[in-house]
Amino acid sequence: METDPGKRGWNNKYFNSIVSNSEVIGKTGVGWPTIGVPIAGCLGDQHAAMLGQECKKGVAKCTYGTGAFILLNTGKELITSTNVLLTTLAYKLGPDALPSYALEGSIAIAGAAVQWLRDSLGIIQSSGEIEELANEVENTGVVYFVPAFNGLFAPWWRDDAHGICIGITRFTNKAHIARSVLESICFQVKDVVDSMHKDSGENDELKDENGDLILRVDGGATANSLLMQIQVDLLGCPVARPANIETTALGAAYGAGLAIGVWTENDVFSDQGSDEKTTTFHPNLSKEQRKTRADSWCKAVSRTFDLDNLSF
């Protein structure tokens, strides 16, 4: 795209200006395969994923990548978190549209923990192998892995945390470790979703008929069905995985298409046909089992703090 405001008809109105996520801000110039194509969708990674997941008010999404990023659309209301989450913009679909806001919690290490198993420990040869390996055991054998490689983000916010793997016995094998790595991703997501539950409080518009947040998932790691089943078991509510798990690109396309009239907001946010396109996972763990697991996870997380201050 031409960046010189004095050349090739660049519209000076948009140079160094704040624009919405869905409006024509310029056209492709010399050097592109096609000249003069409107550039009309402008969204950040997670905001694009929200739009790609069709997250209207009361719907949350989690993108599983190197890290994990959970956002809950709170609609036109800007909610200040009292549970250490961030308040951010979800999207603004047009220069005259009202913005939609969101609560956000970010996790530093998600898929990166699987890469660590592959690259640093050599337990697996490719990321895709972890599902089969972790399925060799029914549980972790009380092994808990906390991937605090660079501290912990939401909702802990501890830069002094260090990664640990505890609960190891003589009978622990690489399958238990692999499964504990998958569980660590899901526990971290649960921590953020629990904070979102607290922030949403009595606001029924941010929950489904069962009082749960509606969580949609995307990103490459969601192809791992074991990961998704662990996630729903720990959350205790259904999780929906779309047929297209690369929704960031889809959201950018939605933003551009809305700007030039390819479709309307009603088209984008219509749930028609979503059941046929979506895989929904349902929990198997009881409420008591879920609480026991969560309590143990929190104990494991607490062991990651202040390790530099230990006396040897």
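This is a predicted model: local features need pLDDT of at least 70, side-chain atom pairs count only at pLDDT 80 or more; totals for chains, interfaces and linings use all residues.
Good morning. In the second largest pocket, the largest share of the lining comes from helix α2, which gives three residues.

The volume of the second largest pocket is about 260 Å³. Its lining consists of 17 residues, and those closest to the centre are Val114, Ser127, Ile130, Gly220 and Ala221. Two or more lining residues come from each of α2, α3 (130-134) and α4. Sorted by class, the lining holds eight nonpolar, eight polar and one charged residues.

I turn now to how α2 and α4 pack. Helix α2 spans residues 111-121 and helix α4 residues 174-200; their axes lie 9 Å apart, at an angle of about 160 degrees. Because angles over 145 degrees count as roughly antiparallel, α2 is roughly antiparallel to α4. Their crossing is right-handed. On the α2 side, Gly111, Ala113, Val114 and Leu117 make the contact, and on the α4 side Ile177, Ala178, Val181, Leu182 and Ile185. This contact has eight nonpolar residues, one polar and no charged ones.

The second pair is α1 and α6. The axes of helix α1, residues 45-52, and helix α6, residues 247-259, come within 6 Å and cross at roughly 80 degrees. That angle makes α1 roughly perpendicular to α6. From α1, Asp45, Ala48, Ala49, Leu51 and Gly52 take part, meeting Thr247, Thr248, Leu250, Gly251, Ala252, Tyr254 and Gly255 of α6. By class, six residues in this contact are nonpolar, five polar and one charged.

Thank you for your attention.

Note on methods
Residues are numbered from 1 along each chain as its sequence is written. Side-chain values use heavy atoms; hydrogens and water are left out. Axes are lines fitted to C-alpha atoms, for helices over the stretch in contact, and angles run from 0 to 180 degrees between N-to-C directions. Helices (H or I, at least four residues) and strands (E, at least two) are DSSP runs, numbered from the N terminus. Angles under 35 degrees count as roughly parallel, over 145 as roughly antiparallel, 65 to 115 as roughly perpendicular and the rest as oblique. Contact means heavy atoms within 4.5 Å. Ala, Val, Leu, Ile, Met, Phe, Trp, Tyr, Cys and Pro count as nonpolar, Asp, Glu, Lys and Arg as charged, and the others, Gly among them, as polar. A crossing is left-handed if the near helix is turned anticlockwise from the far one by less than a right angle, and right-handed if clockwise. On a 1 Å grid over the protein atoms alone, a cavity is a set of points where a 1.4 Å probe fits but cannot get out, and a pocket is an open set with protein on both sides within 12 Å along at least five of seven lines; lining residues have an atom within 4 Å of a point. Grid points are joined across faces, edges and corners, and a volume is the space filled by probe spheres set on the points.
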